[in-house]
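Trainee: Could you walk me through reading a model like this one? I would like to take it feature by feature.

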Amino acid sequence: MRWVATSLTAGLLAPLLAACATPHPLPEAAGTPAEPAARQHVLVVSHGPMASGQVGSGVALDANRIVTNRHVVAPRGAVLPVRVTLPDGQERRVISVATSDRMDLAVLALDGAPLSAPCWRSTGPALGEPQWLLGSPASGRAVLNGRVVETAVPDGKFGTLYAVTAAAVPGYSGGAAVDRAGCVAGITTAASGAGATARAWALSSNEVLHEVSRIAGFASLPDGAASERAEVAR
């Protein structure tokens with residue numbers, strides 16, 4: 001490949017995240033097309049001895065499920081204990097997890113009151129269109145905006161991605177990429193470059209929705225923990 005993408009979980013930023021509050025994108029998204037999706041943005045934290053505080057983002061799919069990146073909840077292949085925090089600060093217990101074998105995608109089912117999902121776009125990205133990215137960084141901006149500059153770029157690790165001119169940082173993984181209509185157009189997954197060449201790479205919403213429908217079911221998990229990878233339908 002002519003570019004190298006890296007996942008956007010927290011990695012070595014975990015101690016910093018533990019010491020301070022992670023910014024929520026809603027204040028920065030106010031007044032932009034990303035505001036409705038920002039109201040449903042969630043913080044996803046994988047923990048346990050193998051996780052080192054792996055931190056990412058997520059967005060609601062429906063009343064009791066959210067989507068994030070597989071590398072957020074399974075950074076070494078096996079699903080780790082997961083904690084999900086809603087915009088109002090409430091923590092939700094993860095009762096099941098399904099991961100894709102085709103792309104860097106995971107679906108988490110939560111207990112508790114129904115979620116309010118943002119609209120999801122059923123079409124792929126268009127070159128030149130503006131998008132807003134929502135994240136959970138340790139510091140700095142929690143909303144980025146740019147334009148789509150590449151589409152349908154295959155990657156053996158992450159899936160088929162598209163690129164937005166934005167310098168995404170750890171904590172953006174699994175967050176929504178929002179179009180000008182306020183709908184989720186993709187899931188931010190990886191990054192490459194720096195400065196003027198910085199790119200955020202996302203899985204398109206139409207591919208995400210197709211993959212979600214392909215995942216047949218969810219494996220039950222012990223209380224408060226995602227202990228093993230769920231099998232997906234082929």
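Trainee: Then let me start with confidence. What is the mean pLDDT of the protein chain, and where does pLDDT stay under 50?

Mentor: Where pLDDT is low, the predicted coordinates should not be read in detail. Here the chain has a mean pLDDT of 83, with 80% of its residues at 70 or more. The values stay under 50 over residues 10-20, for which the model has 16 contacts beyond four places in sequence. They also stay under 50 over residues 218-234, with 48 such contacts in the model.

Trainee: Thanks. How many helices and strands does the chain have, and what share of its residues is buried?

Mentor: The secondary structure comes to 5 helices and 15 strands. Of the 234 residues, 53% are buried. For the contacts with a separation of 6 or more, 67% join residues 24 or more positions apart.

Trainee: Which residues have the most contacts inside the largest nonpolar core?

Mentor: They are Val59, Val67, Trp120, Leu134 and Val208, in a core of 29 residues. Elements that each supply at least two residues include α3 (35-38), β10 (143-155) and α5 (205-214). Strand β13 gives the most, with 3 residues. A second, separate core has 17 residues, among them Ile66, Val72, Val97 and Leu115.

Trainee: Now backbone angles. What is the phi of alanine 152, and is this residue buried or exposed?

Mentor: Most residues other than glycine have a negative phi. Alanine 152 has a positive phi of about 50° although it is not a glycine. This alanine lies in strand β10. With a relative accessible area of 58%, alanine 152 is exposed, because the cut-off for exposed is over 50%.

Trainee: And serine 173: where does it lie, and why does it count as buried?

Mentor: Serine 173 lies in the loop between β11 and β12. It counts as buried because its relative accessibility is 0%, and buried means under 20%. Its side chain makes a polar contact with the side chain of histidine 71, at 2.7 Å.

Methods. Residues numbered from 1 in each chain as written. Heavy atoms only, no water. Core = buried A, V, L, I, M, F, W, Y, C linked by side-chain atoms within 4.5 Å. Buried < 20%, exposed > 50% of the residue type's maximum accessible area, 1.4 Å probe, protein only. Helix = DSSP H or I, 4+ residues; strand = E, 2+ residues; numbered from the N terminus. Contact = heavy atoms within 4.5 Å. Polar contact = N/O pair within 3.5 Å; in protein donor to acceptor, adjacent residues only side chain to side chain. pLDDT = per-residue confidence, 0-100.
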